[in-house]
Amino acid sequence: MRIGYVHGPRLMSTLRKRWVLLRHPHANVRFGRGVYLGPGFSLFIPHEGSFIVGDRVEFRRDFRAEVSGNGRITIGSDCVFTYSVLIQCSTTIDIGNRCHFGQTTILLDGQHRFRDLTRPMLEQGYDFSPLLIEDDAVITTKCSVMANVGTRAFVGANAVVTKPVPPYTVAVGAPARPIDYFGPPGGESEGLRNPAISHSPA
């Protein structure tokens, strides 16, 4: 059991890291201490992009990151990426510390243009915007994230984040919308409040 679930995965993770570094001498790829690369880990960085990872980050099975041009992905310490998470970056995607990403979630900093009726969609290019995921954010299963997510925000399953999610806010739906706030008093968006904070009369 120790060979199959402890020593074996650690050894294979080390070998995957070495292969990734060997394959990308032209790119800026850095892994912190204790980073785990699961089976199917894949980087696509054909140019001089960057993929920089902090300490103790866990990439479970079938993680993939694609960095175009001089794009840059940075990931803070103690983050967890569960199965089949995809990141696509052409500008910058910055992820804070202790963030969690659920199964088959995608993070991207660009969207297809499609409104020109004289050309097919794939010929119209993209609109890009840097993406920031702040510390302790939780993005659950099957989410698409195209806008910033604040500190400790919680994004519910199957959400499509097209507008920034404020800190300490629960957001759900497609497009995602804030439905709850659980942070310090005074930080909530209009129409939301923390139900745990009493508002008894003086």
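**Figure 1. The largest pocket and the residues around it.** In this predicted model, the largest pocket is lined by Glu66, Ser68, Gln88, Cys89, Ser90, Leu108, Asp109, Gly110, Gln111, His112, Tyr126 and Phe128. A pocket here is an open set of points on a 1 Å grid over the protein atoms alone, where a 1.4 Å probe fits, with protein on both sides within 12 Å along at least five of seven lines; lining residues have an atom within 4 Å of a point. Its volume comes to about 220 Å³, taken as the space filled by probe spheres set on the points, which are joined across faces, edges and corners. Strands E9 (86–89), E13 (110–112) and E14 (126–128) each put at least two residues into the lining, and E13 gives the most, with 3 residues. Strands (E, at least two residues) and helices (H or I, at least four) are DSSP runs numbered from the N terminus. Sorted by class, the lining has 4 nonpolar, 6 polar and 2 charged residues; Ala, Val, Leu, Ile, Met, Phe, Trp, Tyr, Cys and Pro count as nonpolar, Asp, Glu, Lys and Arg as charged, and the others, Gly among them, as polar.

A note on the model: residues are numbered from 1 along each chain as its sequence is written. As a predicted model, it needs pLDDT of at least 70 for local features and 80 or more for side-chain atom pairs, while totals for chains, interfaces and linings use all residues, and side-chain values use heavy atoms, with hydrogens and water left out.

**Figure 2. A nonpolar patch on the surface.** Leu11, Met12 and Leu15 make up this patch, with about 270 Å² of accessible area together. Patch members have over 30% relative accessible area and no salt bridge; nonpolar side chains (Val, Leu, Ile, Met, Phe, Trp, Tyr) are joined within 5 Å, like charges within 9 Å. The areas come from the Shrake-Rupley method with a 1.4 Å probe, and for residues only the protein chains shown count as cover. Met12 sits in helix H1 (residues 2–23) and is partly exposed at 40% relative accessible area; buried means under 20%, exposed over 50%, and partly exposed in between (1.4 Å probe, protein chains only).

Figure 3. Ala174 and Pro175 are joined by a cis peptide bond, with omega about 0°, and Pro175 belongs to the loop between strands E20 (169–172) and E21 (177–181). Ser84 isn't a glycine, yet its phi is positive, near 60°; look for Ser84 in the loop between E8 (80–81) and E9. Asn158, also no glycine, has a positive phi of about 70° and sits between E18 (154–155) and E19 (160–161).

**Figure 4. Salt bridges across the sequence.** The whole structure has 8 salt bridges, each a side-chain nitrogen of Lys or Arg within 4 Å of a carboxyl oxygen of Asp or Glu. One of them pairs Arg56 with Asp78, with the closest N and O atoms 2.7 Å apart. That pair links loops 22 residues apart: Arg56 between E4 (50–53) and E5 (58–59), Asp78 between E7 (72–75) and E8. Arg72 meets Asp94 at 3.1 Å, N to O. Arg72 is in E7 and Asp94 in E10 (residues 92–95), so this pair ties together parts 22 residues apart in sequence.

**Figure 5. Asp136 and Arg98.** This salt bridge has an N to O distance of 2.8 Å. Asp136 lies in the loop between E15 (131–133) and E16 (138–139), and Arg98 in the one between E10 and E11 (100–101), so the pair ties together parts 38 residues apart in sequence. Asp136 counts as buried at 16% relative accessibility, whereas Arg98 is partly exposed at 38%.
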